[in-house]
Amino acid sequence: MALKTKKSADADIATTVRDILNAGKEDSKKVAEEVKKETEKVKMATTKAVAETKAKAEAKGEEKKTETAAKKAAAPKKTATTTKSAATATKTAAKKASATVKKATTAVKKAVEAKTQEPKVIVQFAGNDYKLDDILEKAKKAYSKKSKKVFKDLRVYIKPEEGKAYYVADDNFGSVDL
């Protein structure tokens, strides 16, 4: 009778941990979708800013060409200067647009980092706390010491009553102390 209770308690713990991890995955997916949306907004704003800058530069270039044509007879050297000025203005506008895009991208990244804190799962059993992230890292290190390969599949089974976590990585198994 006591054995069934212990097994059902272990099953309840495993179910709770699984539910918590799945909730974390769903939150991560939502944040990833938000990041994609924000990235698209930044791309659209960048494209618009670059197009506006080019249009302004072209308009200035056409005005300067008209002025240049009128003054061509009086000062032929100013034509080259005017063309260089238009090119310089275009480059400057492009640099400003690029700087604006970088600032917007940085702001989006900071906002995403602030929103995407990884969930921390801690199992409490018999007066001890076990952090799942730490246990997972220990299992990864133990496998990498045992085998120099990178695993494709890793499963970790935690048995707090034994003070051990058992792992199976690509059909190789081992254990680590909690």
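**Basis of the model**

The structure is a predicted model, in which local features need pLDDT of at least 70, side-chain atom pairs count only at pLDDT 80 or more, and totals for chains, interfaces and linings use all residues. Residues are numbered from 1 along each chain as its sequence is written, and side-chain values use heavy atoms, with hydrogens and water left out.

The predictor's confidence in each residue is given as pLDDT, from 0 to 100. The protein has a mean pLDDT of 74, and 66% of its residues reach 70 or more. Over residues 73-80, pLDDT stays under 50, and the model has one contact beyond four places in sequence for this stretch. Contact here means heavy atoms within 4.5 Å.

**Salt bridges**

Side chains of opposite charge can pair when their charged atoms come close. A salt bridge is defined as a side-chain nitrogen of Lys or Arg within 4 Å of a carboxyl oxygen of Asp or Glu. A search of the whole structure finds four salt bridges, among them the pairs in the table.

| Salt bridge | N to O distance |
|---|---|
| D153 and R155 | 3.2 Å |
| K159 and E162 | 3.3 Å |
| K164 and D177 | 2.9 Å |

Helices (H or I, at least four residues) and strands (E, at least two) are DSSP runs, numbered from the N terminus.

The accessibility of the paired residues can also be stated. D177 is exposed, at 52% relative accessible area, whereas K164 is partly exposed at 26%. D153 is partly exposed at 35%, and R155 is partly exposed at 34%. K159, the partner of E162, is partly exposed at 30%.

**The nonpolar core**

A nonpolar core is a set of buried Ala, Val, Leu, Ile, Met, Phe, Trp, Tyr and Cys residues joined through side-chain atoms within 4.5 Å. The largest such core has 13 residues, and those with the most contacts inside it are L132, I135, Y167, A169 and V176. Helix 3 (132-146) and strand 4 are the elements that give two or more residues to this core. Helix 3 supplies the largest share, five residues.

Leaving aside neighbours within four places in sequence, A169 is in contact with Y143, F151, D153 and L154.

Note on methods:
Buried means under 20% relative accessible area, exposed over 50%, partly exposed in between (1.4 Å probe, protein chains only).
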